[in-house]
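Subject: Structure handover

Hello,

Here is the structure we talked about. Please load it, then read the notes below alongside it.

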Amino acid sequence: MTDAAPPSAPGGPHRPNGRSLVTPTTATGASPRPADASTAAPVVPASGPLPRLDRPARSALHAELPSTAALALARAPGHALELALVRGATPELEALVGWEFRGINTTPEGAPPIARLAGIQKFVKGMFRSNDGRAMGYNTPVVQNVLDGRWQPRPSDAEPKRFGFYSVAPVDPTSRDNHYLHALLIDYSKGGNPAWNITRGLRDYLVQVDAGNPDLFLGKAYAAIGPARVALGYFVLERWRRGPASVLRR
């Protein structure tokens with residue numbers, strides 16, 4: 001087949017204030033998290049900004065294991081994630097196209113592991129350029145192993161399932177979906193999904209957490225129910241590997 005995966009704060013659309021929430025390390029030789037690391041993420045304070053999140057060495061950005069920064073975001077409380085979203089930078093769309101990203105639906109420390117129990121804590125998002133020139137994307141399910149383990153696409157890495165297609169574009173301030181004007185909008189209603197597919201109602205906002213790190217992103221998902229928009233939660237994306245040159249629907 002052809003190619004085609006808590007409510008915002010009052011006061012209208014959010015705009016970035018130019019402050020960077022995640023500070024890259026200044027040491028060029030910073031070491032990535034060891035492959036056998038199983039320690040908890042950095043403790044996140046009950047209020048205020050997130051703690052310093054170490055950026056992995058450049059050679060480790062596309063490693064098989066998630067960075068400590070990605071894991072810390074995945075376990076951060078909602079108020080800290082909202083702050084990170086508001087302070088985030090606009091991702092460069094062309095830098096996303098052609099890549100696959102490790103995804104984590106966030107679960108704050110001490111909160112019920114709903115995403116894990118539902119089998120959707122870990123996932124993959126990919127983005128590509130469709131034949132009509134639009135930036136598009138898809139989702140791929142993965143094995144739900146330990147959070148700091150490897151991402152293993154299902155049913156296999158050679159033949160991964162791709163579903164929940166979406167378009168990716170800058171937020172249109174005149175549209176209904178304009179909560180975060182500095183974000184990119186992932187719109188499943190424009191992905192060519194079947195009318196009965198529940199993903200058609202999803203709208204995600206995506207920002208780059210740190211303007212100096214083009215590999216770590218934070219998203220916030222909403223469900224479109226008529227004219228209403230209901231916040232569903234946050235997710236983390238981290239650049240993983242090059243995606244396929246073309247994507248076929250099955």
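A salt bridge here is a side-chain nitrogen of Lys or Arg within 4 Å of a carboxyl oxygen of Asp or Glu. Keep that cut-off in mind for the pairs below. Also note that this is a predicted model.

**Salt bridges**

The whole structure holds ten salt bridges. One of them joins the side chains of Arg239 and Asp215, with N and O 2.6 Å apart. Arg239 sits in strand E8 and Asp215 in strand E7, so this pair ties together parts that are 24 residues apart in sequence. Are these two residues buried or exposed? Both Arg239 and Asp215 are buried.

Glu94 and Arg129 make another bridge, at 2.0 Å from N to O. This pair links distant parts of the chain: Glu94 belongs to helix H3 (residues 93–96) and Arg129 to strand E2 (residues 122–129), 35 residues apart. Arg129 counts as partly exposed because its relative accessible area is 33%, which falls between the 20% and 50% limits.

Asp132 pairs with Arg134, the closest N and O atoms lying 3.1 Å apart. Asp132 is exposed, at 52% relative accessible area. Arg134 is partly exposed, at 35%.

There is also a network. Salt bridges link Asp177, Asp187, Arg203 and Arg229 in it.

**Overall layout**

The chain has four helices and eight strands. Along the sequence they follow the pattern α-α-α-β-α-β-β-β-β-β-β-β. Of the 250 residues, 50% count as buried. The accessible surface comes to about 11,800 Å². Carbon and sulfur atoms account for 59% of that surface.

Start with E7, residues 213–225. Eleven of its 13 residues are buried, so the strand is mostly covered. On one side of the pairing list is E6, residues 202–210, which runs antiparallel to E7 over eight bridges. Leu206 stands opposite Gly219 in E7. E6 and E7 form a hairpin with two residues between them.

E8, residues 228–242, is the other partner. Ten bridges join E7 to E8, again in the antiparallel sense. Ala223 stands opposite Val230 in E8. This hairpin also has two residues between its strands, and Gly226 in the turn has a positive phi of about 60°.

Now look at the surface here. Ile225, Val230 and Leu232 form a nonpolar patch with about 280 Å² of accessible area together. Leu232 is in strand E8. Why does Leu232 count as exposed? Because its relative accessibility is 52%, and the exposed class begins over 50%.

**Trp151**

Trp151 lies in the loop between strand E3 (135–141) and strand E4 (163–170). It counts as buried because its relative accessibility is 3%. Beyond its neighbours within four places in sequence, Trp151 is in contact with Glu64, Pro66, Arg102, Gly103, Ile104, Lys122, Phe123, Val124, Val142 and Trp240. Lys122 is 29 residues away in sequence but 7.7 Å away in space, C-alpha to C-alpha.

Which backbone oxygens does the Trp151 side chain reach? One belongs to Gly103, at 3.4 Å. Another belongs to Phe123, at 3.0 Å.

Best wishes

Note on methods
Residues are numbered from 1 along each chain as its sequence is written. This is a predicted model: local features need pLDDT of at least 70, side-chain atom pairs count only at pLDDT 80 or more; totals for chains, interfaces and linings use all residues. Side-chain values use heavy atoms; hydrogens and water are left out. Buried means under 20% relative accessible area, exposed over 50%, partly exposed in between (1.4 Å probe, protein chains only). Two strands pair if DSSP finds at least two bridges between them. Patches are made of residues with over 30% relative accessible area and no salt bridge: like charges are joined within 9 Å, nonpolar side chains (Val, Leu, Ile, Met, Phe, Trp, Tyr) within 5 Å. Accessible areas come from the Shrake-Rupley method with a 1.4 Å probe; for residues, only the protein chains shown count as cover. Contact means heavy atoms within 4.5 Å. A polar contact is a pair of N or O atoms within 3.5 Å; within protein, one must be able to donate a hydrogen and the other to accept it, and residues adjacent in sequence count only if both atoms are side-chain atoms.
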